[in-house]
Amino acid sequence: MSVVHQVSHPIVNAELSKLRLSSTTPKEFREGIHHIALILGLEASKDLPEEPFDGQTPIAPFRGTTIKPRIGLTPILRAGLGMTDALLTLFPSAPVYHLGIFREKVTLQPVEYYSKLPAQPPVDMVYLLDPLIATGGTAIAALTMIVDWGIPMEKIKLLCVLASQEGLQNVQVQYPGVEIWVAGIDETLTHDGLISPGLGDTGDRLFNTLRP
């Protein structure tokens with residue numbers, strides 16, 4: 001089974017609690033997603049291979065390092081956009097490959113409508129950005145697209161702010177080699193496929209498109 005890392009950190013816990021509140025404004029919600037995504041990105045990058053190089057400071061020579069693998073970011077539209085800037089802070093040169101997938105309301109099945117993946121992968125590792133994993137269907141669909149593209153499961157890191165236990169298990173069964181990083185895990189999934197207590201619709205809350 002794939003390894004699930006739940007990041008336990010006071011800042012993450014406080015930000016996640018704020019995200020849950022229905023009174024949190026869209027601005028505050030965007031900031032919270034950004035902060036959590038930044039910490040998730042840092043934690044998920046602790047084991048990245050490094051490449052040494054010889055350099056020169058104004059004073060003397062030194063031995064430095066760079067990140068060895070070429071990193072690509074794949075946010076799932078539209079909620080994944082809320083995590084993208086945080087990861088670009090860590091990997092400013094990383095290409096961003098948007099994936100458009102929505103969940104059909106009746107069947108709850110994922111439907112692909114957009115892919116910015118080029119013909120051949122010019123990266124070695126992919127960070128898949130999906131703030132919520134409810135049933136896991138959308139994440140699994142995105143993982144299928146990335147694996148079919150040519151990136152091995154072991155070279156994909158799935159970053160999410162909140163997941164249901166059931167959704168995580170579904171992803172693990174389908175893609176046991178994928179590394180998952182999550183800020184919070186809720187036990188309950190409603191009959192409508194919503195995480196409870198959850199955060200609500202992340203895309204609507206990020207972009208202030210909630211219907212009255």
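Trainee: Is the crossing in which H4 passes H5 left-handed or right-handed?

Mentor: H4 passes H5 in a right-handed crossing; a crossing is right-handed if the near helix is turned clockwise from the far one by less than a right angle, and left-handed if anticlockwise. The model is predicted, so local features need pLDDT of at least 70 and side-chain atom pairs count only at pLDDT 80 or more, whereas totals for chains, interfaces and linings use all residues. Residues are numbered from 1 along each chain as its sequence is written, and side-chain values use heavy atoms, with hydrogens and water left out.

H4 covers residues 137-149 and H5 residues 165-174; their axes are 9 Å apart, and the packing angle is about 25° (axes are lines fitted to C-alpha atoms over the stretch in contact, with angles from 0 to 180 degrees between N-to-C directions). H4 is therefore roughly parallel to H5, a description used for angles under 35 degrees, with roughly antiparallel used for those over 145. Ala 139, Ile 140 and Leu 143 of H4 meet Asn 170, Val 171 and Gln 174 of H5, where contact means heavy atoms within 4.5 Å. By class, four of these residues are nonpolar, two are polar and none is charged (Ala, Val, Leu, Ile, Met, Phe, Trp, Tyr, Cys and Pro are nonpolar, Asp, Glu, Lys and Arg charged, and the others, Gly among them, polar). Helices (H or I, at least four residues) and strands (E, at least two) are DSSP runs numbered from the N terminus.

Met 145 is among the contacts of Tyr 114, together with Leu 77, His 98, Leu 99 and Gly 100, once neighbours within four places in sequence are set aside. Tyr 114 belongs to strand E6, residues 110-115, and counts as partly exposed because its relative accessibility is 35% (buried is under 20%, exposed over 50%, with a 1.4 Å probe and protein chains only). Between Tyr 114 and Ile 101, 13 residues apart along the chain, the C-alpha separation is 7.0 Å.

Thr 74 lies in strand E4, residues 71-77, and is buried at a relative accessible area of 0%. Leu 77 is joined to Arg 78 by a cis peptide bond with omega of about -5°; Arg 78 itself falls in the loop between E4 and helix H3 (81-90).

The crossing of H1 with H2 is left-handed. H1 contributes Ile 11, Val 12, Glu 15, Leu 16, Lys 18 and Leu 19, and H2 contributes Glu 28, Phe 29, Gly 32, Ile 33, His 35, Ile 36 and Ile 39. This contact comprises eight nonpolar, two polar and three charged residues.

Terms used: Angles under 35 degrees count as roughly parallel, over 145 as roughly antiparallel, 65 to 115 as roughly perpendicular and the rest as oblique.
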